[in-house]
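Please keep the model in view while reading.

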Amino acid sequence: MERKNIACVRCGKCCFVDMIAYAQPEDFERWRREKRDDILKVVEGEHLVWAGDRMVSSQTGAFSQTCPFLISEGDLFKCAIYETRPRICRDYKPGSSEICPQWPGHKREGVKK
């Protein structure tokens, strides 16, 4: 059964995973064409590598816990580079992963099963 499009509730949970670490060569090429040195400096400066079950900066040893382009607006979040976000972010659909509160298996307040 195919699910209908679900509107994003802007909780930021998918961005807490730091999907920017999964940017592909096509994303980097687009950012270079767009002269987005601001994005490239942040992404390339992180030097993220897998360390067990999480991404770690090889520069500082710090764990990458959220996307560096995630902006908090009170209880809501937004993407600072939404128009040119990486392909993995463009392809992500709300409710398509267990990290999303709209995942079919999660209980939501006020919603009867």
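pLDDT is the predictor's confidence in each residue, on a scale from 0 to 100. The protein averages a pLDDT of 81, and 80% of the residues score at least 70. This is a predicted model: local features need pLDDT of at least 70, side-chain atom pairs count only at pLDDT 80 or more, and totals for chains, interfaces and linings use all residues. Residues are numbered from 1 along each chain as its sequence is written, and side-chain values use heavy atoms, with hydrogens and water left out.

**Confidence by element**
- Helices (H or I, at least four residues) and strands (E, at least two) are DSSP runs, numbered from the N terminus.
- Confidence is highest in helix α1 (residues 25-33), at a mean of 95, and lowest in strand β1 (residues 48-51), at 68.

**Helix α1**
- Asp27, Phe28, Arg30 and Trp31 are buried in α1 (under 20% relative accessible area, 1.4 Å probe, protein chains only).
- These buried residues line one face of the helix, because they fall within an arc of 160° seen down its axis (directions from the helix axis to the C-beta atoms).
- Pro25 and Arg33 are exposed, on the face turned away from the buried side (over 50%).

**Largest pocket**
- A pocket is an open set of points on a 1 Å grid over the protein atoms alone, where a 1.4 Å probe fits, with protein on both sides within 12 Å along at least five of seven lines.
- Lining residues have an atom within 4 Å of a point.
- The largest pocket is lined by 28 residues, and Cys8, Cys14, Cys15, Tyr82 and Cys89 lie nearest its centre.
- β4 (76-79) and α3 (87-91) are the elements that give two or more residues to this lining.
- The largest share, 3 residues, comes from β4.
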